[in-house]
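This report looks at aromatic rings and their surroundings in a protein model. The sequence and the structure come first, and the description follows.

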Amino acid sequence: MKKLTLLFLVIGLFSCKKEEVYGPLKLKNGQEVELLVDHRYGSDKDILLKFPEKELAGAALVGFDQREVGYTYRVKAKFHNDDNPPQDDSAYSFIFSRIVSKEQYKGNESFDVQLIVSYVPGGPVIRLNKTGNDYFFNYDKVQLTYANSTVQSQLEEIYQNALEVRTNGQKAQLPKWKAIKATVTHDPQKFGKAYLVQKIEFTL
């Protein structure tokens, strides 16, 4: 009888033990949540929010390959905690599960994207590529079209410097600017595929 009582006591203690939670939102490993994904992919305002509270998610969304610029999404994702994350990487992430809703952005508000970002380790990188006569931003996921010939010339200058830096990578050559900010809108002619660059600002 005493052994049986002890067994029930042990089972009770284990069942009462709280599951461990992680991150700023105190989520359980594998817990499914709903996230709000912004229409401004790769921009300064591309912020991931937890729905319905609309509070900062505090981790990146992984595996959402269907995402198109210019659309706001609500998605389901599972929180993941890595006990041994790679060096200089976050232990927290959200693994994409499915789309709940998708809504096209109807406004014409401009926003900023940074064409130079810094990684640790690795240093500053120019996020601009070119295929044929077309410029692309952030690993070729978004095309950058241009509002005028001045912007076109600036994009070409940035791309040429990017080529020079990549060619001399072993010499640790840096971009000739500290920062490049492009002010963009969604391109109505290529909506969901391109940003229309209105102006570019350089920081030396």
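This is a predicted model: local features need pLDDT of at least 70, side-chain atom pairs count only at pLDDT 80 or more; totals for chains, interfaces and linings use all residues.

One of the pairs is edge-to-face and is formed by Tyr 71 and Phe 191, with 5.6 Å from centre to centre and 80° between the planes. This pair links distant parts of the chain, since Tyr 71 belongs to strand β7 (residues 71-81) while Phe 191 lies in the loop between β15 (179-186) and β16 (194-203), 120 residues apart. Tyr 71 is buried, whereas Phe 191 counts as partly exposed. The ring of Tyr 71 has a further neighbour, in that the charged end of Lys 102 sits over it at 4.5 Å from the ring centre.

A second pair consists of Trp 177 and Phe 202, and it counts as tilted because its planes meet at 35°, with the ring centres 5.0 Å apart. Trp 177 is in the loop between α2 (149-167) and β15, and Phe 202 is in strand β16, so this pair ties together parts that are 25 residues apart in sequence.

| Residue | Relative accessible area | Class |
|---|---|---|
| Tyr 71 | 16% | buried |
| Phe 191 | 25% | partly exposed |
| Trp 177 | 8% | buried |
| Phe 202 | 28% | partly exposed |

Trp 177 is classed as buried because its 8% falls under the 20% limit. Elsewhere in the aromatic set, Phe 64, Tyr 73 and Phe 96 form one cluster.

How values were computed:
Residues are numbered from 1 along each chain as its sequence is written. Side-chain values use heavy atoms; hydrogens and water are left out. Rings of Phe, Tyr and Trp (its six-membered ring) pair if their centres lie within 6.5 Å; planes under 30 degrees apart count as stacked, over 60 as edge-to-face and the rest as tilted. Helices (H or I, at least four residues) and strands (E, at least two) are DSSP runs, numbered from the N terminus. Buried means under 20% relative accessible area, exposed over 50%, partly exposed in between (1.4 Å probe, protein chains only). A charge sits over a ring if NZ of Lys or CZ of Arg is within 6 Å of the ring centre and within 35 degrees of the ring normal.
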